[in-house]
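Here is a friendly walk through one model, written for someone who likes to know how each term was computed. Please keep the structure open while you read.

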Amino acid sequence: MIKVENLTKRYGSVTAVDGIAFEVGKGEIMGFLGPNGAGKSTTMRMLACYLPPTSGRAEVAGCDVFSDSLRAREHIGYMPENVPLPQDMRVSEYLRFRAALKGVPGRRIKERLSDVYDLCGLGEVERKMIGALSKGYRQRVGLADAMIHEPELLILDEPTIGLDPNQIRQVRELIKNLRSHHTILLSTHILSEVEMTCSRVIIINKGRIEALDTPENLRARLSAGGEATLEIRVSDPAATAAKLKAVSGVKNCSHQRLGEWTRFTMKIEGDPRESLHALAVAEKWPVRELARKGATLEQVFVEVTHAEEG
Ligand SMILES: Nc1ncnc2c1ncn2[C@@H]1O[C@H](COP(=O)(O)OP(=O)(O)OP(=O)(O)O)[C@@H](O)[C@H]1O
Ligand SMILES: [Mg+2]
């Protein structure tokens with residue numbers, strides 16, 4: 001659905017996007033992550049035909065977004081970072097106007113409006129002035145605008161920014177529901193959102209793609225591995241920690257007394273739980289917990305985007 005080849009955008013001497021390439025398949029939800037200034041919005045603007053690239057090319061639904069941008073736009077619904085909305089129009093007026101502008105046939109407009117009101121939860125406010133809406137409802141109008149012409153591809157630039165936790169959940173559910181009929185490219189700083197909705201993730205930093213994979217694979221690939229915890233009853237925690245550290249796959253070990261129990265927290269590589277269990281049995285340590293926590297997407301993000309500083 002999206003095909004990007006060697007795409008570059010320079011603003012004067014600043015290279016905002018530096019020769020990136022990726023593909024997004026039909027029906028995928030691709031997360032687009034990166035620190036502030038990484039080049040996410042710039043890339044999305046180019047894909048949405050709002051900004052010409054300095055070099056390289058991009059295709060949406062088989063149409064070149066630069067040489068064939070009118071046809072490409074029919075397939076694209078774009079929700080920009082700061083949705084510019086007229087304050088003195090009613091929600092219904094504005095969306096009707098946008099539908100007409102995007103070429104929705106007059107006889108279909110009513111049906112499309114009713115569909116996007118349902119999808120975006122706008123029914124209650126359709127008669128309200130946009131200027132009188134809360135931030136969350138304005139975001140929903142932006143989303144409704146992006147979807148009004150039934151595009152196959154949605155490009156959503158931080159659709160949940162500024163929303164309260166309930167609204168974030170609602171928008172997330174909405175995006176999940178769109179999955180069956182749409183391909184989505186979604187930028188966000190909320191990593192849990194990506195874990196819950198995206199099939200694959202791009203991590204971009206300083207205009208370059210640093211990682212592109214499923215959330216599971218990204219976490220699995222993280223060299224820092226994860227963490228294991230072991231809660232046992234021992235009389236000499238320091239001596240025990242030394243024994244734990246000697247187990248293959250355990251990188252370091254700290255401990256905390258919890259009454260007569262001690263909790264050992266270990267940085268691990270791979271999965272040394274079986275060896276830890278065997279050691280506890282051999283040493284006759286009473287065990288009340290043995291667990292492993294994999295790396296989180298947040299750790300992956302930090303490692304990938306701070307790699308050169310660490
Ligand atoms: N119109 C512009 N003129 C000059 N430089 C720009 C312009 N727009 C963006 N930039 C620069 O391009 C780089 C990438 O910006 P971009 O907005 O794409 O980042 P982003 O990943 O969307 O960041 P954020 O998470 O803050 O939204 C930044 O260094 C930014 O300062
Ligand atoms: Mg941005």
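Which hand does the crossing of α3 and α5 have? The crossing of α3 and α5 is right-handed; a crossing is called right-handed if the near helix is turned clockwise from the far one by less than a right angle, and left-handed if anticlockwise.

A word on the ground rules. This is a predicted model, in which local features need pLDDT of at least 70 and side-chain atom pairs count only at pLDDT 80 or more, while totals for chains, interfaces and linings use all residues. Residues are numbered from 1 along each chain as its sequence is written, and chains are lettered from A and ligands numbered from 1 in the order in which they are written. Helices (H or I, at least four residues) and strands (E, at least two) are DSSP runs, numbered from the N terminus.

**Helix pairs**

Two packed helices are described by the angle between their axes and the distance between the axes. Here the axes are lines fitted to C-alpha atoms over the stretch in contact, with angles from 0 to 180 degrees between N-to-C directions.

| Helix pair | Angle | Axis distance |
|---|---|---|
| α3 (residues 91-101) and α5 | about 25 degrees | 9 Å |
| α4 (residues 106-120) and α5 (residues 135-147) | about 135 degrees | 10 Å |

The second pair, with its angle of about 135 degrees, has α4 oblique to α5. Angles under 35 degrees count as roughly parallel, over 145 as roughly antiparallel, 65 to 115 as roughly perpendicular and the rest as oblique. The crossing of α4 and α5 is right-handed. In their contact (C-beta atoms, placed from the backbone, within 7 Å), V116, L119 and C120 of α4 face R140, L143, A144 and M147 of α5. By class, this contact of α4 with α5 holds six nonpolar, no polar and one charged residues. Ala, Val, Leu, Ile, Met, Phe, Trp, Tyr, Cys and Pro count as nonpolar, Asp, Glu, Lys and Arg as charged, and the others, Gly among them, as polar.

α3 and α5, in turn, are roughly parallel to each other. On the α3 side the contact uses V91, Y94, L95 and R98, and on the α5 side V141, A144 and D145. Five nonpolar, no polar and two charged residues make up that contact.

**Two sheets**

One open sheet has four strands in the order β2-β1-β4-β5, with antiparallel pairing; strands pair if DSSP finds at least two bridges between them. β2 and β5 (63-64) are at the edges with a single partner strand each, so one side of each has no neighbour in the sheet. Eight bridges link β1 (residues 2-11) to β2 in the antiparallel sense, and R10 stands opposite T15 in β2.

Another open sheet of four strands runs β12-β13-β11-β14, again with antiparallel pairing. Its twist averages 15 degrees from one strand to the next. β11 (residues 226-232) and β14 run antiparallel and share six bridges, with A291 in β14 as the bridge partner of T229. Helix α10 (residues 273-283) packs on the sheet, touching β11 and β14, and makes about 165 degrees with the direction of β14. Helix α9 (residues 237-245) lies across β12 and β13 (261-268), at about 155 degrees to β12.

**Around ligand 1**

The residues around ligand 1 (C-beta, placed from the backbone, within 6 Å) include Y11, V14, K40 and E81. α1 gives the most to this shell, with three residues. β2 (14-24) and α1 (40-47) each supply at least two. By class, the shell has four nonpolar, six polar and two charged residues.

Methods
Two residues are in contact if their C-beta atoms, placed from the backbone, lie within 7 Å.
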